[in-house]
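Me: I would like to learn how to read a model like this one. Can we go through it feature by feature?

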Amino acid sequence: MSFRTRLLLAFALAALVPLGVLAVGVRREMAARLGAQADRRVASLVGVLRADLATESRSTRARLHALGQELAADNRFRLAVLETGASDTSDAGDAERRWLLDWAGEAMRLGGLAVLQVQNDSGRILSSGHFRNEYDRLAPALPAAVARAARTARTDSAVGVLLDVRTPQGALLALADVDSFEVGGRRFTLVGGRALDSAAVARLAPAAELAVRLQMPGDTAPRVGDAVVARLPLAHVAPHGAAADSFALDTAQLVVTQDRSALYALRRGLDRWIALALGATLLLALGLGAWLAARVSRPLAELAAKTERVDLDRLDQQFGTGADAVRDDEIGALARLLDAMTARLRAGAARLREAERRTAVGDVARQVNHDIKNGLAPIRHVLRHLTQVAEQEPERLAAIWLERRGTLESSVAYLEDLARNYARLSPALDRAACDPNAALAEVARTVEGRHADAAIETRLAAGVPAVRADPVVLRRILENLAGNAVDALDGRPGRVTLASEAVPDGVRLTVADTGRGMTRAELERAFDDFYTTKDGGTGLGLSVVRRLVLDLGGTLRVETAPGQGSRFIVEIPTA
């Protein structure tokens, strides 16, 4: 990310974060206050609605009580039901009977009721205002169901009893109650109520933003977009089953919803203004940041362009000249600092070249010493073996000489090739198709006998393809690794394994030992120049191996653990 981009982001964040926090805080506070105010208003309106329903229930109960007292004091009612001592109206006079049949309808209209029915103590209907033809029918379960529903409503804090009755025009819902009175030692029951249809329910809403909906058992929820603010339960009495006088008790609800579209519109308007303010602030911050970034980044870009041209072969750049030299700000100080730095670099580069020349000579000398020691080691072992045979078994000297002659000639040829390579100082690789199995077998012969208790084992896979490598370089790699593997045994019995196998696009050569292994700290420094854990070691073996493997386009990795030996894996591309 460039400096200009960071500066723009810093300006944008510096402007947007405080404004955003303020906007969010204002929005949350306004929403909380408006929501709390709306909740208080709704709670008050719902309280008014609940009080209106309670008043309606009390008014219905009082009206029924007054009608009962009126009937108890009316002689025509006594004549209609008690004069003859009959248990129904069949023996009453025709005039009184007609009066009693019409009484419920007239009283219902005068009292503003939609449902009114009178029953005697046996449950026979004496007069029915909402359905006149129900007279003389037995319906003792209706008053009992309404009375039970009224008790349930008072227990469950319901706002009333909703009665589902039948009329000639169809079903009717009424906010009902029940009352009783005695005449001549007999008890009579009044069931009545006011209609609670959709129009009456809608009129219950005490404010324009509220709506009241009657939700019967099994009805769906109110439409999406309305917020339900209250549910007022109603004990519901309705006919049940096929029996004419069977009623079930359930619960209906008056669902009070609030239209919050005005509140949502206010929030959307506030959000639009906040978004507009944030957008304007962002544009202003980006413009100001771009202007300031251009003022700051232009001289920095010029200094960066000059710095980019600086390297060890070109240290003639001048930073403390021109306008940058006279600036008294941080950019001027940076220009003078870079100018002083290039001056120091020029002096240091001269010293570095001299030190590099001396170091290169020393490195070449150490590498020559290391490689010659590796080439002389097989010769020394063969001569030591021949001397031992000459002293102990002189008759086998010729046979042993013929057996070990190939090792001597191979080592001498290796030293000659090494000398020719170093004669060129920076030799070019003589890449050719090399047999990796042959190289491993030759190296196994050269390290055999280097340690009396070391078992040299080869596992050469059949059909391994040739690799594209310099034969001398390949042998140097394998001899260094095999020699290190033998040295890792520390004179103890052990095994060194040289193996080959074909892999996709190359050949994998493995040199493994059962020696002491390496710790993590030793492994991290194993390929550093001049780092060694062996007495008399040069510390160049593994660093030379890694460089030579990379020169061949291969890879080198190590698997090791303390006390479990090491496994060096070289992968070289095929020819």
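Me: Which residues line the second largest cavity?

Reply: A cavity is a set of points, on a 1 Å grid over the protein atoms alone, where a 1.4 Å probe fits but cannot get out; lining residues have an atom within 4 Å of a point. Here the lining is Arg27, Met30, Ala31, Leu34, Leu266, Arg267 and Leu270. The elements giving two or more residues to it are α1 (3–72) and α6 (261–308). α1 supplies the largest share, 4 residues. Helices (H or I, at least four residues) and strands (E, at least two) are DSSP runs, numbered from the N terminus.

Me: What should I know about the source?

Reply: The model is predicted: local features need pLDDT of at least 70, side-chain atom pairs count only at pLDDT 80 or more, and totals for chains, interfaces and linings use all residues. Residues are numbered from 1 along each chain as its sequence is written, and side-chain values use heavy atoms, with hydrogens and water left out.

Me: How many residues are in the largest nonpolar core?

Reply: In soluble globular proteins, nonpolar side chains tend to be buried together. A nonpolar core joins buried Ala, Val, Leu, Ile, Met, Phe, Trp, Tyr and Cys residues through side-chain atoms within 4.5 Å. Buried means under 20% relative accessible area (1.4 Å probe, protein chains only). The largest core here has 36 residues, and Leu474, Ile477 and Leu481 have the most contacts inside it. α11 (471–487) is one of the elements that supply at least two residues. α11 gives the most, 8 residues.

Me: What does Leu474 touch, leaving aside its neighbours within four places in sequence?

Reply: Contact means heavy atoms within 4.5 Å. Leu474 meets Cys434, Ala439, Val467, Leu509 and Ile572.

Me: What is the strand order in the open sheet of 5 strands?

Reply: Two strands pair if DSSP finds at least two bridges between them. The order is β10-β12-β13-β15-β14, with mixed pairing. β10 (454–460) and β14 (555–560) are at the edges with a single partner strand each, so one side of each has no neighbour in the sheet. β10 and β12 pair in the parallel sense over 7 bridges. Leu460 stands opposite Ser500 in β12.

Me: Is Thr497 buried or exposed?

Reply: Thr497 is in strand β12. Its relative accessibility is 11%, so Thr497 counts as buried. Leaving aside neighbours within four places in sequence, Thr497 contacts Glu457, Arg459, Thr510, Val511 and Ala512.

Key
Buried < 20%, exposed > 50% of the residue type's maximum accessible area, 1.4 Å probe, protein only. 1 Å grid on protein atoms, 1.4 Å probe; cavity = no way out; pocket = protein on both sides within 12 Å on 5 of 7 lines; lining within 4 Å.
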